[in-house]
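Please look at the sequence and the structure below, which the following short report accompanies.

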Amino acid sequence: MVTDRADPLSPGESAGCPGETRAGVVPGGEPWLAAAISAVLLMVACTMMPRTIGALGPFIVSDLGLSPSRLGALVSMVFAVSAVTAITCGRFVDRLRTPRLMQALLLLVVVDVVMVSRTTGYLWLVLAVGLAGASAGMANPVANRVVRSSVPLRRRALAIGLMQSAAQPGTAFA
């Protein structure tokens, strides 16, 4: 079994079953649960902003004087950028360590929120929406890597189910 020894979230050696890994020991807790919760929170944070654009649409239209078609273009763009980023970011995700990827994604979300909150024009909003799409697109590969490297095989289906359902709370918080 190939392990990513440079990655501190990687659990290390095989636990006996093909593809199953042994997580580090956390006194009084389940170490895989912390990794699963981290993946869920990452997904919530990264998917919240793209859905906020649609939820705040009426306010964006009135504050910036946009036409409904321009707002529709923004919403379409965020999901198009997300799709392209998800497809193309695999090599990037494979090159960096998991904690750095998670930090970079959360920093991207913070920059995006600040850009959207301070924007006064359509061009800046387009850039902010592009960043939102990029963070949403990278969230799945990074969160999948967290689960793959930190959750034992017998718990991965549960962790991935929790992680994939994280977009709904992100939408609700938006």
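Val114 counts as partly exposed because its relative accessibility is 44%, where buried means under 20% relative accessible area, exposed over 50% and partly exposed in between, with a 1.4 Å probe and protein chains only. Val114 lies in helix H5 (residues 98-118), helices being DSSP runs of H or I of at least four residues, numbered from the N terminus. Together with Leu107, Val110 and Val111, Val114 makes a nonpolar surface patch of about 340 Å².

## Basis of the model

This is a predicted model, in which local features need pLDDT of at least 70 and side-chain atom pairs count only at pLDDT 80 or more, while totals for chains, interfaces and linings use all residues. Residues are numbered from 1 along each chain as its sequence is written, and side-chain values use heavy atoms, with hydrogens and water left out.

## Nonpolar cores

The largest nonpolar core has 25 residues, with Leu42 and Val142 having the most contacts inside it; such a core is a set of buried Ala, Val, Leu, Ile, Met, Phe, Trp, Tyr and Cys residues joined through side-chain atoms within 4.5 Å. Helix H1 (31-55), H5, helix H6 (122-150) and helix H7 (153-164) each supply at least two residues of this core, and the largest share, 9 residues, comes from H1.

Apart from neighbours within four places in sequence, Val142 is in contact (heavy atoms within 4.5 Å) with Leu42, Val93, Leu101, Met102 and Leu105. A second, separate core of 13 residues includes Met49, Ile53, Leu74 and Ala128.

Note on methods
Patches are made of residues with over 30% relative accessible area and no salt bridge: like charges are joined within 9 Å, nonpolar side chains (Val, Leu, Ile, Met, Phe, Trp, Tyr) within 5 Å. Accessible areas come from the Shrake-Rupley method with a 1.4 Å probe; for residues, only the protein chains shown count as cover. A salt bridge is a side-chain nitrogen of Lys or Arg within 4 Å of a carboxyl oxygen of Asp or Glu.
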